[in-house]
Structure formats: structure tokens, C-alpha cells
Amino acid sequence: MSPFLKLTVILSSTEWPLLEELLLDHEAEGVTLSKVTGFGNYKNTFRNDLLSESFKVEIFTTKIKAEELAGLVVKFLKSHGNRPNHGLVALMPVDELFNA
């Protein structure tokens, strides 16, 4: 089993600046940020397709660091934002990781 995990976070773009500070304070490395559209618990009823813009953060790191960061992000999301269940945090196994 690989010692690496992929941490994925989907959150409101307005929460990114504070999350970025948190990740930097905890020495996160290899952070990728993407704009994404979709819907989950929140559906944008002002649009026909119900989609809203969010940010997706992806971090490939060691299992220990990923679990630490995931806990911090969940705590952050629960204490920020204007509605419950406004973010998503996932940890996924990585079979192999190559730094090319």
C-alpha cells in the first residue's frame, strides 16, 4: 500500500483566501486550485442548470499529512461559511506517485 493520499476539498471561492492561509500555516505543499461548477446540497435556482461556481483544492501528500490537513479543513469549513454542509472533503488512496 502506498504511503500517499490525495486530499480533495470543494468549497466556496469566497472561503479560499482563509483556507489558503491555514494550509500555508500548516506547511501544505503541492496544492492545486481549480475553478469548478456543479451542485450538491446547494442548487443555484437562479440558473436553469442549477450550477454554481466553487473551488476545488487537490493536495497529494503523505497519509499522515493528508489526514492532519483533512481534519483541519473539516474544522475550518464547519466554523466558516453561511450555511451548513457548504463544503466537501475527501481522502483517496494513491497507488503510486511520481515526481517528474
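**Reading a predicted model**

Author: In α1, the buried residues are W16, L19, L22 and L23. Seen down the helix axis, these residues fall within an arc of 120 degrees, so they line one face of α1. Please keep in mind that the model is predicted.

Reader: Which exposed residues does the face of α1 turned away from its buried side carry?

Author: That face carries L24 and D25. After the helix comes E27, whose phi is positive, near 55 degrees.

Reader: What covers the buried residues of α1?

Author: The cover includes β1, β2, β3 and α2. The protein chain has two helices and four strands, and from the N terminus on its elements run β-α-β-β-α-β.

Reader: How should I read a sheet, and in which order do the four strands stand here?

Author: The general idea is that strands of a sheet pair through backbone hydrogen bonds, either parallel or antiparallel. In this model, four strands form an open sheet in the order β2-β3-β1-β4, and the pairing is antiparallel. At the edges stand β2 (31–38) and β4 (88–93); each has a single partner strand, so one side of each is left without a neighbour in the sheet. On average, neighbouring strands of this sheet are turned by 25 degrees against each other, direction ignored.

Reader: Over how many bridges do β2 and β3 pair?

Author: They pair over eight bridges, in the antiparallel sense. As an example, L33 has V57 in β3 as its bridge partner.

Reader: Which residues of the largest nonpolar core touch the most other members?

Author: This core has 16 residues, and those touching the most other members are V9, L11, L19, L23, V57 and I59. At least two residues of the core are supplied by each of β1 (4–11), α1 (16–25), β3 (52–62) and α2 (63–79). The largest share, five residues, comes from α2.

Reader: Is S54 buried or exposed?

Author: S54 is found in strand β3. The test for a buried residue is a relative accessible area under 20%. S54 has a relative accessible area of 16%, and therefore counts as buried. Leaving aside its neighbours within four places in sequence, S54 is in contact with I10, L11, S34, K35 and V36.

Reader: What values describe the protein chain as a whole?

Author: Of its 100 residues, 31% count as buried. Along its principal axes the C-alpha trace spans about 45 × 25 × 20 Å. The accessible surface comes to about 7000 Å², of which 55% belongs to carbon and sulfur atoms. As for contacts with a separation of 6 or more, residues 24 or more positions apart account for 72% of them.

Technical notes: Residues numbered from 1 in each chain as written. Predicted model: local features only at pLDDT ≥ 70, side-chain atom pairs only at ≥ 80, totals over all residues. Heavy atoms only, no water. Core = buried A, V, L, I, M, F, W, Y, C linked by side-chain atoms within 4.5 Å. Buried < 20%, exposed > 50% of the residue type's maximum accessible area, 1.4 Å probe, protein only. Contact = heavy atoms within 4.5 Å. Pairing = 2+ DSSP bridges. Axes fitted to C-alpha atoms, helices over the stretch in contact; angles between N-to-C directions. Areas by Shrake-Rupley, 256 points an atom, 1.4 Å probe, with all protein chains shown as cover. Arc of directions from axis to C-beta.
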